[in-house]
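Here is a short note to read beside the model. Take the points in order, and find each residue on screen as you go.

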Amino acid sequence: MGYQGFVGLDVVIPHLKDNSIEADLMEILPILADENAVNEASKADLTHVTSRAANYLRSNQSELRWFGTKLVHVLCLHPRIIASDAGNYISALTKIIESKCYITSTIDVRQITCLESAISTLDFIMDKIRHKVALTREILTPRLPSIIQSLVSVMNLCPKPANFVLHKLFMNNTTTLRPFTTKIQKELRILLDDDEGLHKMDNELQSLVVSNFVTIQYALERTNTEEIYKQKLLHLLIEMKEVFEIYSEFLDLNEDSNLQKLLAALPSLPHNEEEIGNYKPLFPSLDIDSLEPLDILQISRRLHLLISLLKAFISNPRGTAVKLPLGYVISFLELNLSLDLRFSPMKREFRDVSLKKTVEYSIIKNKTCALELLTQLPSIFGGNLLPHFSSLLSVYELSVPVEIRKNGHITIIEERVWSQLGFIHQILLAASELLSLTYNVVNITPLLKLVDVALLITKSRLPKLDQSNSNGGSFLKRKKKGGQVIPLSDMLSHQHLFTITASKRTLAVVRQFFATVLKSCLLPSSKQSEILRFVIIDTVKHRNEVKMDKNLQELIHNSILFPGHDRNSILPIISSIISDKFLSVFMNPRFPISPRRDTTENGITGTNRVTISYIDDGEDEDSEEELDNDDSLSKRQKTSDIATDVIDSNGVDTVESMSKNEEPDTGLTDITLVEQEPVKISSWKREETRVEVSVSRVDKEATDQISNEYDSDSNSEFEIPVIVANDSEDDDE
């Protein structure tokens with residue numbers, strides 16, 4: 001028997017024993033994954049492997065069960081095994097999940113690992129079976145209730161894999177999930193822990209939990225899904241408004257008239273008894289102690305959770321057709337961004353500085369959450385946001401921390417910008433996404449402050465240290481410990497070690513913002529120059545990277561394509577720093593082949609009845625005029641030839657004159673030709689040529705003008721003798 005190119009299953013079987021693991025898993029799995037090994041195996045060998053994998057799943061030891069889940073995961077790559085053993089594997093995996101790997105009060109990492117591996121393998125088998133009608137009907141559907149029950153029971157132990165599988169079931173098996181709605185909702189509330197648990201999750205788990213929580217609110221209803229969706233969303237907005245109004249206990253919101261208009265635009269609590277009975281807030285009321293500053297952060301956590309739910313409502317993962325009150329959503333987000341202590345100050349009874357700082361920090365957190373949602377809205381609603389374009393840009397400008405000096409000049413507060421850098425990033429990202437909806441922004445006033453703050457965060461800076469003046473010099477406050485003193489000399493001599501430069505995140509955000517601004521706005525010359533300066537410096541710093549960042553590349557291209565009012569292009573500077581295919585189009589343009597006059601039959605006749613052809617081989621050919629009725633060339637026709645040469649030479653850089661070998665026999669006695677080598681006239685100017693040419697008639701004045709043009713020392717470095725053309729009567733003689 002020749003070489004087969006694969007290892008058979010008979011080699012693996014002796015190493016698979018029920019109560020032990022005698023082989024390296026990394027050696028066995030590639031053999032089991034080989035399609036040839038499974039297809040060429042005998043029925044007895046295949047039965048041995050599948051049965052021993054099932055025995056591992058039924059073991060009481062966590063290590064053996066985990067080993068069995070990996071074997072089953074690889075074996076189910078083969079359709080032959082899925083058709084024969086998938087049902088048994090699903091039942092065994094479901095029992096492992098239901099048993100919670102025998103976890104008691106003490107949780108072992110090995111047990112959690114085994115449980116997560118079992119859920120992952122179960123999900124893999126269901127994906128292999130899903131959408132296959134016969135396998136779904138015979139294997140998957142009868143076992144779905146037990147699968148759902150087991151997943152719900154371990155949601156608190158393995159929240160991410162359990163919610164991931166349930167999310168797929170929400171999309172594909174709505175009918176089977178309906179009896180478990182109450183249990184699933186209860187477990188999700190436990191995970192959220194009344195907004196205490198959300199900030200403990202990573203971003204992926206937050207998205208899964210919130211999406212499942214929203215989907216279960218309306219998607220599992222049998223009828224009137226659209227009406228239930230609208231009602232649930234309005235109730236969510238009412239609850240968000242009620243939570244936001246808690247700030248009125250600490251802040252004087254009545255001082256800001258714009259804030260009051262936004263509050264009045266949002267839906268309020270129902271007044272009818274029937275509507276009051278239908279309204280049920282998703283979460284219980286907050287208990288906040290005004291004497292405890294950290295309790296203020298409960299408002300931020302609750303609003304963060306509610307905005308996350310709003311985001312899930314808007315994204316609508318099921319894709320069903322529903323009506324969304326976009327105006328209410330925009331109004332609430334603007335409400336969060338408009339709240340500012342400059343316009344809504346603290347009430348007089350609250351004089352604690354720590355309380356004021358905590359309230360301000362809470363407001364910044366709310367604004368960041370609102371901006372995250374606003375960043376996603378353009379990709380969801382597109383042009384439907386354009387009616388709110390101006391108001392949103394104004395709110396973004398208002399969010400930048402500024403101060404008004406005594407002279408009335410408005411400046412950006414740099415300290416607050418550096419302390420709220422993540423918030424500034426979200427402002428620029430939201431503005432970039434909004435500007436991407438347009439190609440020409442007329443009112444650019446709100447953008448100027450955003451450009452200023454974007455330029456500010458790209459600059460290098462030194463850390464702020466406490467300083468005091470003593471003995472006529474500036475020194476750091478001395479920190480004495482064991483007699484040691486930290487002098488200012490380190491800061492002065494090694495300044496580069498203390499310099500804080502812009503992070504990669506900051507550069508990516510600013511590049512995206514500038515690329516969008518250059519494309520959609522005509523900025524003042526000063527702002528345009530500052531942006532172009534940043535582009536050049538950023539390009540120099542990253543010119544040696546193996547692969548240039550996409551945002552930087554887009555910024556470079558837009559800075560060249562949209563130079564602004566002054567039309568000052570940085571193309572020569574950028575092209576000398578980096579090499580790019582896009583830049584080569586402008587630096588080395590490929591012009592089409594120049595047209596040449598030709599007397600061949602395949603030529604194309606132009607407007608002056610001169611035959612034109614395009615010469616592809618690059619060789620120059622002598623050209624003459626083609627007349628309609630005359631068989632020989634007269635003196636007048638030869639003069640027309642010279643005039644036509646002048647006209648046609650305007651499109652090229654040089655004009656060739658005839659040599660003595662090409663001198664035609666015209667019978668002209670008054671023309672004195674000078675024998676000379678072929679020469680070229682360089683730097684011909686189109687504006688200096690003022691000649692009218694006609695094939696049928698050439699005036700004497702035009703001919704004299706041509707002679708004078710050639711005879712002028714200012715236009716060429718050689719002289720051509722004056723050509724005098726006689727009247728037609730002389731020709732007839």
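**Notes on helices and salt bridges**

1. Start with helix H25. Of its 17 residues, 12 are buried, so the rest of the structure largely encloses H25. Keep in mind that this is a predicted model.

2. Which residues of H25 are buried? They are Thr 506, Leu 507, Val 509, Val 510, Arg 511, Phe 513, Phe 514, Ala 515, Thr 516, Val 517, Leu 518 and Ser 520. Their packing partners are four helices: H21 (421-435), H22 (445-457), H26 (525-541) and H27 (550-561).

3. Check the length of H25. Its end C-alpha atoms lie 25 Å apart.

4. Now pick one residue. Thr 506 sits in H25, which covers residues 504-520. Is Thr 506 buried or exposed? Its relative accessible area is 2%, and the cut-off for buried is under 20%, so Thr 506 is buried. Leaving out residues up to four places away in sequence, Thr 506 touches Leu 421, His 425 and Ile 457.

5. Helix H16 makes a second case. H16 runs over residues 297-315 and has 19 residues. From first C-alpha to last, H16 reaches 27 Å, close to the 27 Å expected. Here 16 of the 19 residues are buried, so H16 too is largely enclosed by the rest of the structure.

6. Turn to charge. Side chains of opposite charge can pair when their charged atoms come close. How many salt bridges does the model have? The count comes to 14.

7. One of them joins Glu 138 and Arg 137, with the closest N and O atoms 3.3 Å apart. Glu 138 is exposed, at 53% relative accessibility. Arg 137 is partly exposed, at 48%.

8. Another salt bridge joins Glu 360 and Arg 416, at 3.0 Å from N to O. This pair links distant parts of the chain: Glu 360 is in helix H18 (residues 353-381) and Arg 416 in helix H20 (residues 414-419), 56 residues apart. Both are partly exposed, Glu 360 at 26% and Arg 416 at 25%.

9. Lys 449 and Glu 397 also meet in a salt bridge, at 3.9 Å from N to O. Lys 449 is in helix H22 and Glu 397 in helix H19 (residues 389-399), so the pair ties together parts 52 residues apart in sequence. Lys 449 is buried at 18%, and Glu 397 is buried at 19%.

Conventions:
Residues are numbered from 1 along each chain as its sequence is written. This is a predicted model: local features need pLDDT of at least 70, side-chain atom pairs count only at pLDDT 80 or more; totals for chains, interfaces and linings use all residues. Side-chain values use heavy atoms; hydrogens and water are left out. Helices (H or I, at least four residues) and strands (E, at least two) are DSSP runs, numbered from the N terminus. Buried means under 20% relative accessible area, exposed over 50%, partly exposed in between (1.4 Å probe, protein chains only). Contact means heavy atoms within 4.5 Å. The expected span of a helix is 1.5 Å times one less than its number of residues. A salt bridge is a side-chain nitrogen of Lys or Arg within 4 Å of a carboxyl oxygen of Asp or Glu.
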